[in-house]
Amino acid sequence: QAAFLPLVTGGVTWAQIPGIRPGDTVVVLGQGLVGNLVMQAARQYLLERLIVVDTIAARGQLAQRLGAHVAIDAAMEDPVARVRALTDGRGADLVIDCVGGKPGLTSFAQAQEMVRTDGTIHLIGLYHGAPLLLDAGKIQRKRLIGGYYTAETRPVMLARAIELLQAGRIQVEPLISHRFPFTEAKAAYDLLYDRL
């Protein structure tokens with residue numbers, strides 16, 4: 001579990017920064033390691049609905065076992081239309097985009113469409129390989145945060161992450177799908193990067 005502490009601290013921080021309020025509907029795009037940990041951290045708030053989106057069905061199923069209310073398989077249905085339907089056309093209060101790599105180009109465009117007017121998009125995903133397109137018509141009256149946190153918040157968030165791990169309120173064991181000896185670290189990183 002200790003190896004996950006930096007990512008759990010990031011997840012706790014990224015869920016806290018946008019100012020989740022009781023009764024919010026939150027969407028987490030991407031359910032890789034970071035997305036799942038962000039989802040578990042967001043689950044600690046009194047949400048109306050916690051929705052996850054991924055193109056790998058097994059990731060959505062795991063997210064539901066760990067606390068998501070709804071998992072949308074973006075390979076099978078339009079996530080924007082589904083989020084809109086689940087929110088009676090209003091859109092999500094907060095969309096946290098944790099999709100890395102080239103698929104992040106699509107998820108960022110979707111985030112701009114599925115967040116409500118006066119809602120927030122928190123962009124966490126990296127390594128897109130190209131600029132993200134910001135649609136001026138779709139971002140109006142919406143707040144965009146770019147993976148933000150300050151050094152001053154880190155000690156507090158680290159302590160909170162440790163507390164949530166110790167209490168079992170954030171679980172990391174179910175996220176471990178492979179085990180490698182340290183001598184195969186390159187193969188482990190290659191596998192992780194190639195599966196973005």
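**Salt bridges and the sheet**

Mentor: Arg 59 and Asp 54 form a salt bridge, with their closest N and O atoms 3.5 Å apart; the term denotes a side-chain nitrogen of Lys or Arg within 4 Å of a carboxyl oxygen of Asp or Glu. This is a predicted model: local features need pLDDT of at least 70, side-chain atom pairs count only at pLDDT 80 or more, and totals for chains, interfaces and linings use all residues. Residues are numbered from 1 along each chain as its sequence is written, and side-chain values use heavy atoms, with hydrogens and water left out.

Trainee: Is Asp 54 buried or exposed?

Mentor: Buried means under 20% relative accessible area, exposed over 50%, and partly exposed in between (1.4 Å probe, protein chains only). Asp 54 is buried at 9%, whereas Arg 59 is partly exposed at 22%.

Trainee: Which side chain meets Lys 138 in a salt bridge?

Mentor: That of Glu 113, at 3.1 Å from N to O. Lys 138 belongs to helix α6 and Glu 113 to helix α5, so the pair ties together parts that are 25 residues apart in sequence. Helices (H or I, at least four residues) and strands (E, at least two) are DSSP runs, numbered from the N terminus.

Trainee: In what order do the strands of the open sheet stand?

Mentor: Strands of a sheet pair through backbone hydrogen bonds, either parallel or antiparallel. Here 6 strands follow the order β3-β2-β1-β4-β5-β6, with parallel pairing; two strands pair if DSSP finds at least two bridges between them. β3 and β6 stand at the edges with a single partner strand each, so one side of each has no neighbour in the sheet.
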